[in-house]
Amino acid sequence: MPSALLVLASVLTVTTVALDNGLMRTPPMGWLAWERFRCDIDCEQDPKNCISEKLFIDMADRLSEDGWRELGYVYVNIDDCWSSMERDKQGRLQPDPKRFPGGIQKLARYMHDRGLKLGIYGDMGTHTCGGYPGTPLDKIKIDAQTFADWEVDMLKFDGCYSNSIEQAQGYPLMSKALNATGRPIGYSCSWPAYQGGLPPKVNYTQLGEICNLWRNYGDIQDSWDSVMSIVDWFFENQDVLTPAAGPGRWNDPDMVSVEPLYLDNDVSSR
Ligand SMILES: *[C@@H]1O[C@H](CO)[C@@H](O)[C@H](O)[C@H]1NC(C)=O
Ligand SMILES: *[C@@H]1O[C@H](CO)[C@@H](O)[C@H](O)[C@H]1NC(C)=O
């Protein structure tokens, strides 16, 4: 009997291990720019839809004024194409000065003043998927510190322009680097999506220890077929995926049911 209890206790311990930053005990909810706004950087021709501080301020206003925040939609998340093409003189990432004239910290404070959180995007690799400066291994510490200095609350860490060996080093390193800043920053890893999403290539035990959230599968597109292909994949692989999830550690089907809700702020522009 005592040994049976011991086994049960150890099973429970193993299955509840999660990244120890206290965040995302329930699945994170909020809004992410990519699915609708992509890499639209043309603020002169398309000021309402371009990736700029105005877009994120607009979304923050919607979440806080229209009742979404009270339902739990608190993350306002920047995706790719926010940064300048060059790092600053100290080697830090910097936002595009024309599109984010107030800087990222001011945007984070805008969110915090409204009870919201700001997410940002980086990429484990030489470049982001959109061709902006990435975070290769030797830039992980400085980028984690920059995000913390800006008072960012969440990082989506994509995986374009890196190989599997660099990813296997970089994703755990970023987890450590974020922790070392002392600021709790939710950590979303795109790593498994680059490994095909399934064991044996993906180690979900390890992911749960280093990430709060992970993208398992392809990007959602603006079509029902895309939604269904994602739902089908999660259905087919539920025996692997369901046990991977728990408080502080979640599968992210890319905006289906879990993470960023897509808020159509401008139906007329469709
Ligand atoms: C860093 O990790 C330690 C040990 O897991 C944990 O106690 C601490 O809360 C973490 N800090 C942050 C800021 O995530
Ligand atoms: C998966 O990761 C866990 C935790 O880091 C480790 O203990 C285990 O050996 C890994 N499994 C495989 C098959 O590599």
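Me: Why is Cys50 called buried?

Reply: Happy to walk through it. In this predicted model, Cys50 has a relative accessible area of 1%. Buried means under 20%, so Cys50 counts as buried.

Me: Let's turn to Cys39 and Cys81. What makes this pair a disulfide?

Reply: The sulfur atoms of Cys39 and Cys81 lie 1.9 Å apart; the rule asks for a distance within 2.5 Å, so this pair is a disulfide.

Me: Why is the disulfide of Cys39 and Cys81 called left-handed?

Reply: Because the torsion about its S-S bond is about -110 degrees.

Me: Why do you say that Cys39 and Cys81 tie together parts that are apart in sequence?

Reply: Cys39 sits in the loop between α2 (34-37) and α3 (53-65), while Cys81 sits in the loop between β2 (75-77) and α5 (104-113), so the parts they tie together are 42 residues apart in sequence.

Me: Are Cys39 and Cys81 buried, partly exposed or exposed, and why?

Reply: Cys81 has a relative accessible area of 0%, and buried means under 20%, so Cys81 is buried. Cys39 has a relative accessibility of 29%, which lies between the limits of 20% and 50%, so Cys39 is partly exposed.

Me: What about Cys129 and Cys160: why is their disulfide called right-handed?

Reply: A disulfide joins Cys129 to Cys160, with an S to S distance of 2.0 Å. The torsion about the S-S bond is about 100 degrees, so this disulfide is right-handed. The pair links distant parts of the chain, 31 residues apart: Cys129 is in the loop between β3 (117-123) and α6 (140-149), and Cys160 in the loop between β4 (154-158) and α7 (164-181).

Me: Why is Cys160 called buried?

Reply: Its relative accessible area is 18%, and the limit is under 20%, so Cys160 counts as buried. Cys129, at 33% relative accessibility, counts as partly exposed.

Me: How many disulfides are there, and what pattern do they follow?

Reply: The count comes to four. Counting bonded cysteines along the chain, the pattern is 1-4, 2-3, 5-6, 7-8.

Technical notes
Residues numbered from 1 in each chain as written. Chains lettered and ligands numbered in written order. Predicted model: local features only at pLDDT ≥ 70, side-chain atom pairs only at ≥ 80, totals over all residues. Heavy atoms only, no water. Helix = DSSP H or I, 4+ residues; strand = E, 2+ residues; numbered from the N terminus. Buried < 20%, exposed > 50% of the residue type's maximum accessible area, 1.4 Å probe, protein only.
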